[in-house]
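Reader: I have the sequence and the model open. Can we walk through it piece by piece?

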Amino acid sequence: MPVTSLRADLEPEDNVDMSAEVLTAPDSDDLWDGLDEPSTFQLASLASTSSSSTPASAQPSFRPSTSLTPYSVDAPACTPPETTSRLDNTSTPYYAEVIHVLKNIFRLSSFRRNQLEAINATLDGKDVFVLMPTGGGKSLCYQLPAVCKSGRTHGVTFVISPLVALITDQVASLREKNINVDCMSSLRSADDSRDVMRRLRSHQKPDICYITPEKLRESNAMQEILAALYEDKQIARFVIDEAHVIQSWGRDFRDAYAELHMLRDRYPDVPIMALTATANKTAIQDIHARLGLRNPVCLVQSFNRPNLYYAVQPKPTTKKKAVQAIAGFIKSQHAADTGIVYGFSKAECEELAEQLRKDYGLSAKHYHAGMEPQERSTTQEEWQCGRCKIIVATIAFGMGIDKPDVRFVIHSTLPKSMDGYYQETGRAGRDGEPADCILYYAYKDVVSRLHMINSDRNDKGPPRTPEEKKRQVEDIRAVAQYCRNEVDCRRSMILAHFNERFDPHLCPKGCDNCSKGGMIVRQQYTSEAQQAIRLFEQMAASMDRIPVGHFKDVFAGRNKAKVRDSGHDQLSLFGVGKSVDGDRIIGVMMDTDIFTIAREASASGWTNDYLKLGSQANACLSGDLAVELTFRDNGAGNGSSSSRSVAKNITLSKASASTKGKTKAGPGGPSSYMPLYEDDDVELDPVSDFEPIKDAPDVGAAALPEDNGQRRLKAMVNVRQMLAKEHDLNENEVLATETLHFLSLMDIQDRASFDTCIINSDEPKSREKSLIFGEALWKAYSEAKTTSTSSSKMQARIFDLRGAFSHNPAT
């Protein structure tokens, strides 16, 4: 049946028992079951389903969760829909047509979590905010209602989408389903654009029209068409796909996103739907404010992607070794698989793709915004259909691209933010099968990113405001902090960024940190936390709004201009946390509500974060609430940057043998344990040192020798340990681990240059430190010799989790 022939009075098909429809996540869908919980207000409604007025015969089978998962999602401040139960969603006047369209046009048999709720809400003419994990099925939430005729609003569904490639991909997919869709983008010719406008003015309007925000804002002809359609009540809804770009791109360079409030201003009666997979509380508030959402129905799920494995690897110091590491990982773990490698710049992506292709025989092509549109489209199509296995791309690639079998995502450089990192890694494993997310970290990449921000090297748009620079610097530091943390569960850290708590015990072998052996050390930092509270009170006497980054600087005793200008370097508690890991302590204090974040709109309309005392501050001051950090103790004198320097009130616990191996991260995870290696008790060298195929065609998966940077770092850490004991100092008071990482990655030729690097670092009293400690550290740095540590212990085999759990999502 053609889409255009559907009518509001559509009846169920003959001989079809609509009461038997199962439209929630099926029981066999283990990935989503019990993991992606409904938002807070939905959970409350599930308890009252027995009192629903829906007749029993009309209720589909539904198996509610018997208990909450061990993590929680803080839902945004939204007005709950009048009926939030899934059972109620089957009794709407739209249900019969929705089922027909689902089965006969989209060829699906079931809905994923929250899809039916979103569809019903928008058909009911309500504003809707949808936050689903990547691969959760956001597109169906607006594509299906766009072809329904039984909703309260009628006409064209306008979808504002950020990328031309994304528009092209989705338009092609919908046309394959015989859906009446069109688009306005820079790839369309003038004649094509005029034809689309003629269609919008005619009686044969498309059901869906994709458009970029720039075209929406700048085309006078488009504005006239929208005004006429609004007058005739022929705009069904506005959809903002990938809505998180309102907060990121709207602030950075595509100011058309910051002006999308015009939709509500000019067309106040048209409902708006905003969808994203990446938004924390601050971003959600910005999106709501910018779009002027009115009492939106908010559908929020967990951010957890249990089939993704997260790891951070030290980035080799030279380009050649970095490429070897990436190629080695791909060839040893994903030789025949599809993947994405993210690079820093257009030139870097082109060079890296060429090296992977020519030197290592990998099927790789580059992708970036500087390519000709047709070349980009061809490359994407070849990757999508499997003729090309690996895309080496800037962040211009991937948004909205729904390729289910991506087995790995590699970051060859530092992501710009934790939001971006989650979004980019989320393109892996959309079919529910295991996938790897590897980030190669070097502190020099942090330095490069910060330099670009502070020197105002912006590719597009106006110069950054001081407020914007500050936000971007904080984003980079958050990613660097994530990379440097070699102890805490990476899944927990990622989810904490989105205000979601996750029990690390449900992530055995689900990330590199949870895969490590050694003793888990829990160390009390309650007295330092109490000092942090008192420092905050001192600062609050002269500053009403204290930015989080500024507080961390004062706590750590950093000699920065803003600290001096505020006079906070004169406080009696200035630098009280300089000998401890202040970032982690403050993070734990925020997690436990000793500190909390207040979000306030700035003069430019964006939301900024300020530190406040939380509800548990008094409990911490009285000693009723302890503050504790975990460390991993791999033995004294091992040179680990995560080892402890001073032990006090310490509890040790051995990592359970039953948690060794990689499992899915979520409820029931330990029961699906499988060993990661043939012998989990053997410490393996990384498997990634491949020489080019042209030089060694038969090379195997050899262990990667320790590179110069790692040797230098170990040598300097050991010397720092000795210097700390000699001068009765904490190790970080000699030189911060971050500074040692930076030095180890630099190719320094002489002692004078070495001292200059220390002096120009962020170290307090850096000149004095170079005089006192420079000679010993330089000796360790310069004498670190190249040696081969190739191990014959064993060779890693490709680990396959497919048998550990099943996933059969609706596509």
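Author: Helices here are DSSP runs of H or I with at least four residues, numbered from the N terminus. The model is a predicted one.

Reader: Which helix holds His-451?
Author: Look at residues 443–454. That run is a helix, and His-451 is found in it. The name is helix 16.

Reader: Is His-451 buried, partly exposed or exposed?
Author: Buried means under 20% relative accessible area, and exposed means over 50%. His-451 has 47% relative accessibility, so it counts as partly exposed.

Reader: How far apart in space are His-451 and Val-473?
Author: In sequence, His-451 and Val-473 are 22 residues apart. In space, taken C-alpha to C-alpha, the distance is 9.7 Å.

Reader: Where is Thr-413, and is it buried or exposed?
Author: Thr-413 sits in the loop between strand 12 (406–411) and helix 15 (418–425). Residues up to four places away in sequence aside, Thr-413 touches Lys-315, Tyr-342, Gly-343, Phe-344, Tyr-440, Asp-445 and Arg-449. The cut-off for buried is under 20%. Thr-413 has 6% relative accessibility, so it counts as buried.

Reader: Which strands are the edge strands of the seven-stranded sheet?
Author: The sheet is open, with parallel pairing and the order 3-4-2-5-6-1-7. An edge strand pairs on one side only. The edge strands are strand 3 (181–184) and strand 7 (297–300).

Reader: What is the bridge partner of Ile-240 in strand 6?
Author: Strand 5 (residues 235–240) and strand 6 (residues 272–276) run parallel. Three bridges join them. The partner of Ile-240 is Ala-274.

Reader: Which strands does helix 5 touch?
Author: Helix 5 (residues 164–176) packs on the sheet. Its direction makes about 165 degrees with that of strand 3. The strands touched are strand 3 and strand 4 (208–211).

Reader: At what angle does helix 8 run to strand 5?
Author: Helix 8 lies across strand 2 (156–160), strand 3, strand 4 and strand 5. To strand 5, the angle is about 130 degrees.

Reader: How are helix 6 and helix 8 oriented to each other?
Author: The axes of helix 6 (residues 190–201) and helix 8 (residues 220–231) come within 10 Å and cross at roughly 15 degrees. Angles under 35 degrees count as roughly parallel. Helix 6 and helix 8 are therefore roughly parallel.

Reader: Which residues of helix 8 meet helix 6?
Author: The crossing is left-handed. From helix 6 come Met-197, Leu-200 and Arg-201. In helix 8 they meet Ala-221, Met-222, Ile-225 and Leu-229.

How values were computed
Residues are numbered from 1 along each chain as its sequence is written. This is a predicted model: local features need pLDDT of at least 70, side-chain atom pairs count only at pLDDT 80 or more; totals for chains, interfaces and linings use all residues. Side-chain values use heavy atoms; hydrogens and water are left out. Axes are lines fitted to C-alpha atoms, for helices over the stretch in contact, and angles run from 0 to 180 degrees between N-to-C directions. Helices (H or I, at least four residues) and strands (E, at least two) are DSSP runs, numbered from the N terminus. Angles under 35 degrees count as roughly parallel, over 145 as roughly antiparallel, 65 to 115 as roughly perpendicular and the rest as oblique. A crossing is left-handed if the near helix is turned anticlockwise from the far one by less than a right angle, and right-handed if clockwise. Contact means heavy atoms within 4.5 Å. Buried means under 20% relative accessible area, exposed over 50%, partly exposed in between (1.4 Å probe, protein chains only). Two strands pair if DSSP finds at least two bridges between them.
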